[in-house]
Amino acid sequence: MKLNERSLAFYATCDSPADKSGFLYKRGERHTAYHRRWFVLKGNMLFYFEERDSREPVGVIVLEGCNVELCDSAESFAFAIRFGGSKSRTYVLAADSQAAMESWVKSLSRASFDYMRLVVRELEKQLQEMSRGLPGGCGGSQDAPGPWKPMPPGLEQCRERLPALPAVPPKENGCAVWNNVPGPERPPDTSGCGGHDEEGAPRPPPPLPPRRRVSNGGTASAGPAVAPSPSTFCRLHEQYSREVARLRQDWQQKRRGSQP
Amino acid sequence: AVLKKRLVKLVVNFLFYFRTDEAEPIGALLLEHCKITKEEENVFSISFIEEPERKYCFECATEEQCQEWVEALRRASYEFLRRSLIFYRNEIQKMTGKDPLEQYGISEEARFQLGAHRQ
């Protein structure tokens with residue numbers, strides 16, 4: 001099979017730092033004699049050179065789909081790189097010391113592209129989950145379902161930041177108000193901004209958002225020093241909803257206006 | 001230059017190519033230190049840093065396919081993956097104050113250090 005060998009050799013010998021390098025003994029294919037070679041690990045490629053200062057590698061082992069394990073050998077500190085498949089060769093290598101052997105086995109077993117990809121995906125997932133969870137809300141609107149959320153992200157943020165108000169029943173979250181077209185202004189009452197009464201039967205409030213633990217280390221959600229009262233929140237809430245409704249009206253008018 | 005029809009497979013950081021009726025690849029390109037260039041319509045090329053004039057050209061069935069390949073190939077290198085890992089690690093560390101690689105026992109590895117000089 002053809003390989004862009006020149007590029008391979010370039011990759012092996014260019015300035016980019018190796019992940020690991022050192023002398024190892026390599027057992028021959030047909031004869032069991034061991035040959036001392038200079039090994040260079042870069043990415044998922046294990047190159048080996050005849051000498052440390054050789055200009056070109058003698059060979060390369062691609063570290064994908066293989067197992068790196070200790071093995072029985074007359075040679076001490078030996079380990080093997082085993083590939084699946086009947087036609088595949090097992091590479092037997094030996095180090096100079098226990099420590100060197102352990103270090104190589106560790107590095108080689110984590111060198112594969114597959115392993116890296118796994119770790120990257122995990123981190124990506126963690127980062128996504130964190131962006132969605134943080135009250136900072138930077139990633140909060142990324143997966144907004146539906147065409148248009150009546151509630152601006154800033155409000156969401158505001159709500160999440162409020163520390164728990166003592167003994168506030170769920171309906172005090174001012175749930176139903178923002179689902180309606182803003183009607184007559186509801187004066188804040190002592191029980192908070194319940195979204196019911198005038199219309200008759202109270203609508204069940206949405207579930208309380210899960211309480212987020214404020215993490216240490218200066219992330220965005222340090223709680224405010226003074227807990228704002230329910231009435232302040234309701235007022236803010238009303239303000240925002242009116243503004244949003246106004247914007248929405250404007251937008252709808254513009255749309256109608258621009259239609260032929 | 002004659003265009004030959006090939007089955008092309010991207011596996012980790014290698015681009016394998018096959019004759020359409022054969023199971024064994026004819027050859028492979030290691031995708032490190034390479035440049036993916038969008039050429040004319042439906043066409044992209046791969047060239048390597050040590051021999052920039054030599055271009056491996058590929059013609060796709062559609063422009064859309066061509067764009068997909070270009071994007072995939074640009075992300076295909078081990079070095080790209082490494083840079084992504086370092087980037088995500090850094091971001092998570094900034095947000096949480098903790099090193100997310102500790103749980104994998106690889107936080108001390110030289111290949112993941114921030115600011116490591118890499119090409």
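## A buried charged pair between the chains

Glu109(B) and Arg110(A) are both buried. In this predicted model, the two residues are joined by a salt bridge in which the closest N and O atoms lie 3.3 Å apart. The pair runs from one chain to the other, with Glu109(B) placed in the segment after α2 (78-96) of chain B and Arg110(A) in the loop between α2 (98-109) and α3 (113-133) of chain A.

A second salt bridge between the chains links the side chains of Glu51(B) and Arg6(A), at 3.5 Å from N to O. Here the pair crosses from strand β6 (residues 51-59) of chain B, which holds Glu51(B), to helix α1 (residues 5-13) of chain A, which holds Arg6(A). Glu51(B) has a relative accessible area of 23% and is therefore partly exposed, whereas Arg6(A), at 53% relative accessibility, counts as exposed because the cut-off for that class is over 50%.

## The interface of chain A and chain B

In the contact between the chains, 37 residues of chain A meet 44 residues of chain B. About 3700 Å² is buried between chain A and chain B, and 67% of this area is on carbon and sulfur atoms. Three residues of chain A, namely Phe113(A), Met116(A) and Leu123(A), supply 17% of the area that chain A buries against chain B, which is more than any other three residues supply.

The rule finds 3 salt bridges across the interface of chain A and chain B, along with 12 residue pairs in polar contact, both residues of each pair being at pLDDT 80 or more. On the side of chain A that touches chain B, the elements that give two or more residues are β1 (2-3), α1 and α3 of chain A. The element that gives the most to this side is α3(A), with 13 residues. Sorted by class, the side of chain A that touches chain B holds 19 nonpolar, 8 polar and 10 charged residues.

## Chain B and its order of elements

Chain B contains 2 helices and 6 strands, and from the N terminus on its elements follow the order β-β-β-β-β-β-α-α. Chain B has 119 residues, of which 45% count as buried. Among the contacts in chain B with a separation of 6 or more, 32% are accounted for by residues 24 or more positions apart.

In the loop between α1 (63-74) and α2 of chain B lies Ser77(B). Its relative accessible area is 12%, so Ser77(B) is buried, the cut-off being under 20%. When residues up to four places away in sequence are not counted, Ser77(B) touches Phe113(A) in the other chain, as well as Asn13(B), Leu31(B) and Glu32(B).

## Helix α2 of chain B

Helix α2(B) has 19 residues, and the distance from its first C-alpha to its last is 27 Å, close to the 27 Å expected at 1.5 Å a residue. Its buried residues are Tyr78(B), Glu79(B), Leu81(B), Arg82(B), Ser84(B), Leu85(B), Ile86(B), Tyr88(B), Arg89(B), Ile92(B) and Met95(B), and these buried residues pack against α1 and α3 of chain A. After α2(B) comes Gly97(B), which has a positive phi, near 75°.

## Salt bridges involving α2 of chain B

Over all chains, a search of the whole structure finds 15 salt bridges. One of them is formed by Glu91(B) and Lys94(B), whose closest N and O atoms are 3.2 Å apart. Because Glu91(B) and Lys94(B) are 3 residues apart in helix α2 of chain B, about one helical turn separates them. Lys94(B) counts as exposed, with a relative accessibility of 56%.

How values were computed. Residues numbered from 1 in each chain as written. Chains lettered and ligands numbered in written order. Predicted model: local features only at pLDDT ≥ 70, side-chain atom pairs only at ≥ 80, totals over all residues. Heavy atoms only, no water. Salt bridge = Lys/Arg side-chain N within 4 Å of Asp/Glu carboxyl O. Helix = DSSP H or I, 4+ residues; strand = E, 2+ residues; numbered from the N terminus. Buried < 20%, exposed > 50% of the residue type's maximum accessible area, 1.4 Å probe, protein only. Expected span 1.5 Å × (residues − 1). Contact = heavy atoms within 4.5 Å. Buried area = accessible area lost by both parts, 1.4 Å probe. Polar contact = N/O pair within 3.5 Å; in protein donor to acceptor, adjacent residues only side chain to side chain. Nonpolar A, V, L, I, M, F, W, Y, C, P; charged D, E, K, R; others polar.
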